[in-house]
Amino acid sequence: MSAYKLIEVRDLVKYFPVTSGVIRARKIGDVQAVDGVSFDIAAGHTMGLVGESGCGKSTLGRALLRLIEPTSGSIRYQGQDILRLSGRQMRPLRRKMQIIFQDPFASLNPRMTAARIISEPLEVHNIISVAERNLEIERLMSMVGLDPSHAGRYPHEFSSGQRQRIGIARALALQPSFIVADEPISALDVSIQAQILNLLVDLQMELGLAYLFISHDLNVVRYISHEVAVMYLGRIVERAPVESLFAKPRHPYTQALLAAAPGFGKDQRQGPVLEGDLPSPMNPPTGCRFHPRCPCAMGVCRHHDPLLEEMANGHAVACHLWSAYV
Amino acid sequence: MLRKQMADKSIKATAERTSLSPGRLFLRRFSRNRAAVTSAVILAVLYLSALLAGFIAPYAMDRQNRQAPFHQPIGIRWSDESGWSRRPFVHEYHSGKGITGYEKAAGKRYYVRLFVRGDRYKLLGLIPSDRHLFGVDAPGKVYLLGTDRFGRDIFSRVLYGAQISLSIGLVGIVITFFIGLTVGGISGYYGGTVDNLIMRFSELVMAFPSFYLILAIMAVLPTGMASSLRYLLMICVLSFIGWAGMARVIRGMVLSIRERDYVTAARSQGVSDWRIITRHLLPNTVSYVIVAITLSLPGYILGEVALSFLGMGIQEPMASWGNMLQAAQNIRVLTSYPWMLAPGAMIFITVLSFNLLGDGLRDALDPR
């Protein structure tokens with residue numbers, strides 16, 4: 001873990017105002033999609049982000065790229081706070097931070113050929129002369145495992161795995177150093193998932209990319225990540241190096257997630273299976289947000305919000321069960 | 001060996017398969033839909049003949065023949081009792097007993113000739129001319145669809161009427177779409193309070209009982225008003241009612257496309273707003289817009305017909321399909337002179353064609 005910190009996120013908050021009223025909207029509350037999240041991502045490393053649907057994973061990923069404007073907090077890219085930049089100042093940084101989407105059908109404009117999809121970022125940033133553009137498109141396509149002779153085809157002529165590769169080629173066109181992968185394989189067939197996953201790993205080795213890998217599949221996250229953060233209702237409840245997290249999950253929520261995940265060996269600790277649904281992020285529970293569903297909830301959990309505290313060797317957890325041991 | 005050849009062949013076929021653009025795919029799918037293609041051809045013929053009405057119509061719109069009110073249609077023939085002819089001809093008719101009924105005058109043939117001289121008109125409203133596509137020498141008459149109460153040729157009037165009835169839809173839809181696209185686009189793109197205000201206003205417009213509003217507006221117009229001005233006003237009123245629904249649809253489309261991942265991808269790559277709108281948003285609304293246009297055109301045509309039928313639209317002696325139908329209101333006319341319903345048949349054909357065309361376009365553009 002000696003690599004330098006490429007991305008530093010501190011106390012990132014994103015509230016979506018909820019309004020009502022016919023003509024003039026009155027604010028009646030906030031959806032606390034991301035509520036005070038902090039983590040670092042080292043260059044060339046992968047941070048896995050897991051959690052239930054609706055816990056704010058995707059919002060966090062998009063907020064990192066300022067595709068959603070965060071409410072407060074800071075995001076540093078190579079030490080520079082990108083939230084203070086104007087749209088114009090942001091443009092050169094956009095090249096360095098890219099995103100891969102979940103749905104390979106919605107992420108490609110159906111009216112553009114593969115070549116035009118991949119070359120649009122090149123044109124917009126004018127990085128490559130027109131003459132060299134075709135060569136670059138060919139290079140990118142073969143890099144992600146596509147046949148360059150298919151450059152003139154439209155998205156509907158590709159399979160979902162191939163489409164996802166086009167999406168990856170588009171993200172790579174600007175030679176980024178950080179990519180948010182927003183559930184990039186959950187919409188694919190199982191047989192294709194492994195191919196795309198391996199492609200992402202190969203590209204990371206080759207190009208030294210850093211990923212924020214968002215997923216709800218623990219097996220996948222375990223395979224690709226160096227570090228894992230577990231999110232619950234807008235907060236990170238546990239963050240640890242991948243081996244440490246899977247060997248010794250500390251937070252009751254993480255334990256429950258692991259217990260519920262299929263495919264782990266019998267030696268896996270049998271935690272309780274979670275009941276109930278995610279509470280409304282508009283009106284989160286007081287104290288620890290997990291306490292209404294927590295099998296180990298204590299009196300203190302109801303009133304006091306636990307902080308994310310680091311224990312040994314980079315393993316951090318936000319739980320009163322463990323704060324006593326710090 | 002054989003298997004290897006087949007494999008080679010299929011590889012070759014895949015390689016040679018040219019990439020199909022969405023446009024090509026659309027044309028291929030559309031041309032398979034026979035009803036839609038037929039409708040497109042019918043509409044093309046209708047609009048073309050409306051454009052060239054003066055030339056195709058054998059008589060002027062207001063040419064009266066007081067000797068021949070309610071004349072039945074005269075067929076063009078190639079033969080009669082005295083045998084076959086190498087050129088088509090019509091017979092002469094004389095008024096018989098009573099008010100109605102004309103009897104064929106035996107023997108005399110009036111040959112149908114092409115490019116004859118006749119009533120003066122202006123081609124496309126510009127080029128003065130007196131040549132007509134076809135006609136017969138006086139005193140012969142060629143009334144393909146019969147005549148009305150004043151002895152005016154219904155075929156000619158249907159063509160002139162098409163100029164108004166068909167163009168009102170086009171002009172109306174252009175105005176509606178201009179307002180609808182702008183308002184809906186702004187509403188969808190900016191959202192928030194702007195969106196709210198615009199949408200509430202458009203709901204207000206939609207909540208109006210539109211036909212009564214049109215009736216009221218047209219009814220207060222002075223009767224002496226020039227027909228062309230009336231025509232323009234009618235378009236404006238129809239469009240004013242129509243834009244709201246359109247704006248809502250466009251707004252919804254812009255809203256949904258704006259949230260698609262490929263637009264997010266473009267934003268994450270620093271693509272400018274303008275480029276996003278022109279390269280990503282608008283091209284993906286085109287198919288919906290085309291279909292919406294085709295399917296809402298009949299509404300305008302029927303709107304004009306209804307107004308003119310009630311006497312609030314195009315006034316005599318100008319012809320429109322609606323005010324021609326007005327003459328076919330009572331049962332006596334209908335039973336004695338059924339050819340007075342010709343404009344009704346035209347309306348039926350036009351509206352049906354537009355609907356079939358719209359369905360075909362939608363299936364071809366959006367096969368899901």
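A nonpolar core is a set of buried Ala, Val, Leu, Ile, Met, Phe, Trp, Tyr and Cys residues joined through C-beta atoms within 7 Å, where buried means that 20 or more other C-beta atoms, placed from the backbone, lie within 10 Å of a residue's own. This is a predicted model, in which local features need pLDDT of at least 70 and side-chain atom pairs count only at pLDDT 80 or more, while totals for chains, interfaces and linings use all residues. Residues are numbered from 1 along each chain as its sequence is written, and chains are lettered from A in the order in which they are written.

**The core**
- The largest nonpolar core has 151 residues, and those with the most contacts inside it are Ala169(A), Leu212(A) and Val230(A).
- Its largest share, 13 residues, comes from helix H8 (residues 227–258) of chain B, helices being DSSP runs of H or I with at least four residues, numbered from the N terminus.

**Where the chains touch**
- In contact (C-beta atoms, placed from the backbone, within 7 Å) are 20 residues of chain B and 27 residues of chain A.
- H9(B) gives the most to chain B's side, with six residues.

**Two helices of chain B**
- The axes of helix H5 (residues 154–190) of chain B and H8(B) come within 5 Å and cross at roughly 40 degrees, the axes being lines fitted to C-alpha atoms over the stretch in contact, with angles from 0 to 180 degrees between N-to-C directions.
- That angle makes H5(B) oblique to H8(B), because angles under 35 degrees count as roughly parallel, over 145 as roughly antiparallel, 65 to 115 as roughly perpendicular and the rest as oblique.

Conventions:
A residue is buried if 20 or more other C-beta atoms lie within 10 Å of its own, exposed if 12 or fewer, and partly exposed in between; C-beta atoms are placed from the backbone. Two residues are in contact if their C-beta atoms, placed from the backbone, lie within 7 Å.
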